[in-house]
Amino acid sequence: MELDYLLDFEDYFPSMIARMGAEGFIGELCNGFRLLMDVNKGLITFESLKINCYLLGLEVRDDELVGMLMEGDLDGDGALSQMEFCILMFRLSPCLMDSPKMCSTQVGADPMLM
């Protein structure tokens with residue numbers, strides 16, 4: 001039996017910004033950061049990320065968690081500050097990093113062709 005692990009990725013950030021405005025969107029990113037952070041350190045740490053993945057029912061290997069942290073860790077401390085988290089989220093959003101024309105939503109348009 002062959003399994004198909006192809007996942008479709010839909011970037012909701014542009015539509016969230018359109019609905020909430022830039023300030024509201026940044027507020028939501030900050031809320032997401034607070035959900036994942038270690039409350040004592042004020043950072044997203046390996047331990048806080050591991051615990052929150054477990055609480056969310058996600059099975060993520062330790063090396064994957066380390067990879068997530070390394071992807072966004074700009075100052076090399078092994079954790080994510082709120083600013084690093086927000087920068088990472090923007091970097092991971094293809095539509096926010098591409099030109100606006102590439103990600104404009106058109107009714108009935110095939111997202112794969114945009």
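Over residues 60-95 the chain is 64% helix and 0% strand, with the end C-alpha atoms 26 Å apart. UniProt, in an unreviewed entry, places the feature "domain: EF-hand" at these residues, 60-95; UniProt positions are given in the numbering used here, feature names are shortened, and annotations may be inferred rather than shown by experiment. The model is predicted: local features need pLDDT of at least 70, side-chain atom pairs count only at pLDDT 80 or more, and totals for chains, interfaces and linings use all residues. Residues are numbered from 1 along each chain as its sequence is written, and side-chain values use heavy atoms, with hydrogens and water left out.

The protein chain has five helices and zero strands, in the pattern α-α-α-α-α along the sequence. Helices (H or I, at least four residues) and strands (E, at least two) are DSSP runs, numbered from the N terminus. Of the 114 residues in the protein chain, 24% are buried. Buried denotes under 20% relative accessible area, exposed over 50%, and partly exposed the range in between, with a 1.4 Å probe and protein chains only. Among contacts in the protein chain with a separation of 6 or more, 40% come from residues 24 or more positions apart; a contact requires heavy atoms within 4.5 Å.

The largest nonpolar core has 15 residues, and those with the most contacts inside it are Leu29, Ile44 and Met89. At least two residues of this core come from each of α1, α2, α3 and α4. A nonpolar core is a set of buried Ala, Val, Leu, Ile, Met, Phe, Trp, Tyr and Cys residues joined through side-chain atoms within 4.5 Å. In helix α4 (residues 82-91), the buried residues are Glu84, Phe85, Cys86, Leu88 and Met89. The buried residues of α4 pack against α1 (13-36) and α3 (62-72). With residues up to four places away in sequence not counted, Met89 touches Phe13 and Leu29.

The structure holds three aromatic pairs. Rings of Phe, Tyr and Trp (its six-membered ring) pair if their centres lie within 6.5 Å; planes under 30 degrees apart count as stacked, over 60 as edge-to-face and the rest as tilted. The rings of Phe13 and Phe25 have centres 4.9 Å apart and planes at 70°, so this pair is edge-to-face. Both Phe13 and Phe25 are buried. The rings of Phe25 and Phe90, with centres 5.8 Å apart and planes at 85°, also form an edge-to-face pair. This pair links distant parts of the chain, as Phe25 lies in helix α1 and Phe90 in helix α4, 65 residues apart. The relative accessible area of Phe25 is 1%, whereas Phe90 is partly exposed at 27%. Ring pairs link Phe13, Phe25 and Phe90 into a cluster.

A search of the whole structure finds zero disulfides, a disulfide being a pair of cysteine sulfur atoms within 2.5 Å. Cys86 is in no disulfide, and the nearest cysteine sulfur, that of Cys30, is 4.6 Å away. Cys86 is buried, with a relative accessible area of 10%. Cys53 is likewise buried, with a relative accessible area of 9%.

Ser48 lies in helix α2 (residues 46-55) and is buried, with a relative accessible area of 6%. The side chain of Ser48 reaches the backbone oxygen of Leu36 at 2.9 Å. A polar contact is a pair of N or O atoms within 3.5 Å; within protein, one must be able to donate a hydrogen and the other to accept it, and residues adjacent in sequence count only if both atoms are side-chain atoms. Excluding residues up to four places away in sequence, Ser48 touches Leu36, Met37, Asp38 and Leu43.

Two residues of the loop between α3 and α4 were also examined. Ser81 is in this loop and is partly exposed, at 23% relative accessibility. Ser81 and Ile44 are 37 residues apart in sequence, and their C-alpha atoms are 6.6 Å apart in space. Ser81 touches Phe33 and Leu43, residues up to four places away in sequence not being counted. Leu74 is placed in the loop between α3 and α4 as well, and is exposed, with a relative accessible area of 56%. Leu74 touches Glu84 and Ile87, again not counting residues up to four places away in sequence. Between Leu74 and Phe85, 11 residues apart in sequence, the C-alpha to C-alpha distance is 9.8 Å.
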